[in-house]
Amino acid sequence: MQAVRLTEWGREPALAEVERPVPRGAEVLVRVEAAGLCQSDLHVVDADEGTLSYRPPFTLGHEVAGHVAALGPDAEGRAAGERVVVYGPWGCGNCTRCAAGRDNYCDHRGDLNWHGAGLGRDGGMAEYLLVPSARHLVPIGDLPATQAAPLSDAGLTPYHALAGVRHALDEGSLVLVVGVGGLGHLAVQMVRATTPSRVLAVDIREEAVDLALRSGAHLGVRMGPGTAKVLRAETGGAGVDAVLDFVGNEATFALAVQLLRPGGELAVIGSGGGRLTVRKPGLLPAGFRLSLPFWGTRPELAEVIALARAGSLHVETEQFPLSAAPEAFGRLRRGRVRGRAVLLPG
């Protein structure tokens, strides 16, 4: 079968022919219908040797949807032919957090030389994916795979971040979404679908601002020198209750600090390399709280799928055949993907 493989550090991923896996024990073989491509894949590809604990070669792809093709003799809970999305962060499988479906916060995460599908272990940018346990599979029913696959990260990650600040989002509250790409445009929809908040959105790209408005933002603003002043005026001078930052650089941190009201919540999801200096007394709002959410839990993924099946979420996608993976990687690297890039095996 064909697969997009990272063969060694410092080299671009390439299509390769590999053997189709055979499920053993509790493993499940999934026939891939769609696989999402995101910035995390670029972070893996661009990593210097020794930065990550992973050991190439391995197949990329941690956003995966398809159907169950075969089950190992000890696999339970899923049936052949069932359509599923793959929960991507695979932990040790033995700690209490993994047992509760919180592999994203596995107690032994630092001891593993992999972190999930396409992250040190073979992922879903291939015709088939071998999943270590049926517990990592969430049914999707008739939801298109091109929608379900991106939701396993681009949907799950903002949903988990929003869950951490939802307590602050009562009637009359304001949320600022910074960065309206694959994750941010879904965050806008989630805030609208699950809270009474008004949503403000910011991006440096005009097309991303347009995407935010199409996704339900009440106001979209292009990032610039006067952005904070415009948004502060929109809040009546009070500021916003929460910021979901999908960029995470110096400029977006500065914007968040200027706009958060006392007791405000800042959730940093983006990995743009920014620094936030904490000192007391200082310039941060009184009662300010910072969270660094990572991915999400398996029960939350089921909730995200339910929202999508109910029509509350729609992923903006650009679709590529698996053979065009190099083009898709190049488009993503240049910031030219609208929403989420999705690879389709033949």
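Ala, Val, Leu, Ile, Met, Phe, Trp, Tyr, Cys and Pro count here as nonpolar, Asp, Glu, Lys and Arg as charged, and the others, Gly among them, as polar. By that scheme, the lining of the largest pocket has 24 nonpolar, 17 polar and five charged residues. This is a predicted model, in which local features need pLDDT of at least 70, side-chain atom pairs count only at pLDDT 80 or more, and totals for chains, interfaces and linings use all residues. Residues are numbered from 1 along each chain as its sequence is written, and side-chain values use heavy atoms, with hydrogens and water left out.

**Pocket and cavity**

- On a 1 Å grid over the protein atoms alone, a cavity is a set of points where a 1.4 Å probe fits but cannot get out, whereas a pocket is an open set with protein on both sides within 12 Å along at least five of seven lines; lining residues have an atom within 4 Å of a point.
- Grid points are joined across faces, edges and corners, and a volume is the space filled by probe spheres set on the points.
- The largest pocket has a volume of about 1,400 Å³.
- Its lining comprises 46 residues, and Q39, H43, F246, G270 and S271 lie nearest the centre of the pocket.
- At least two lining residues come from each of helix 1 (39–46), helix 3 (145–165), strand 12 (198–203) and helix 7 (250–259); helices (H or I, at least four residues) and strands (E, at least two) are DSSP runs, numbered from the N terminus.
- Helix 1 gives the most to this lining, with four residues.
- One cavity of 30 Å³ or more is present in the structure, and the largest cavity holds about 30 Å³ of space.
- P89, W90, G91, D103, C106, R109, L112, W114 and H115 line the largest cavity, a set of five nonpolar, two polar and two charged residues.

**Helix packing**

- Axes are lines fitted to C-alpha atoms, for helices over the stretch in contact, and angles run from 0 to 180 degrees between N-to-C directions.
- Angles under 35 degrees count as roughly parallel, over 145 as roughly antiparallel, 65 to 115 as roughly perpendicular and the rest as oblique.
- The axes of helix 3 and helix 4 (residues 184–194) come within 9 Å and cross at roughly 50°, so the two helices are oblique to each other.
- In helix 3, L151, A154, G155, P158, Y159 and L162 meet L186, A187, M190, V191 and T194 of helix 4, where contact means heavy atoms within 4.5 Å.
- This contact of helix 3 with helix 4 has nine nonpolar, two polar and no charged residues.
- Helix 3 also packs against helix 8 at an angle of about 110°, with the axes 9 Å apart; the pair is therefore roughly perpendicular.
- Helix 3 contributes A148, L151, S152, G155, L156, Y159, H160 and A163 to the contact, and helix 8 contributes E300, L301, E303, V304, I305, L307 and A308.
- By class, the contact of helix 3 with helix 8 has ten nonpolar, three polar and two charged residues.
- Helix 6 (residues 227–234) and helix 7 have axes that come within 10 Å and cross at roughly 30°, which makes helix 6 roughly parallel to helix 7.
- T227, A228, L231 and R232 in helix 6 meet L255, Q258 and L259 in helix 7.

**Backbone features**

- The peptide bond from P56 to P57 is cis, with omega near 5°, and P57 lies in the loop between helix 1 and strand 4 (58–59).
- W295, a residue other than glycine, has a positive phi near 50° and lies in the loop between strand 16 (289–291) and helix 8 (298–309).
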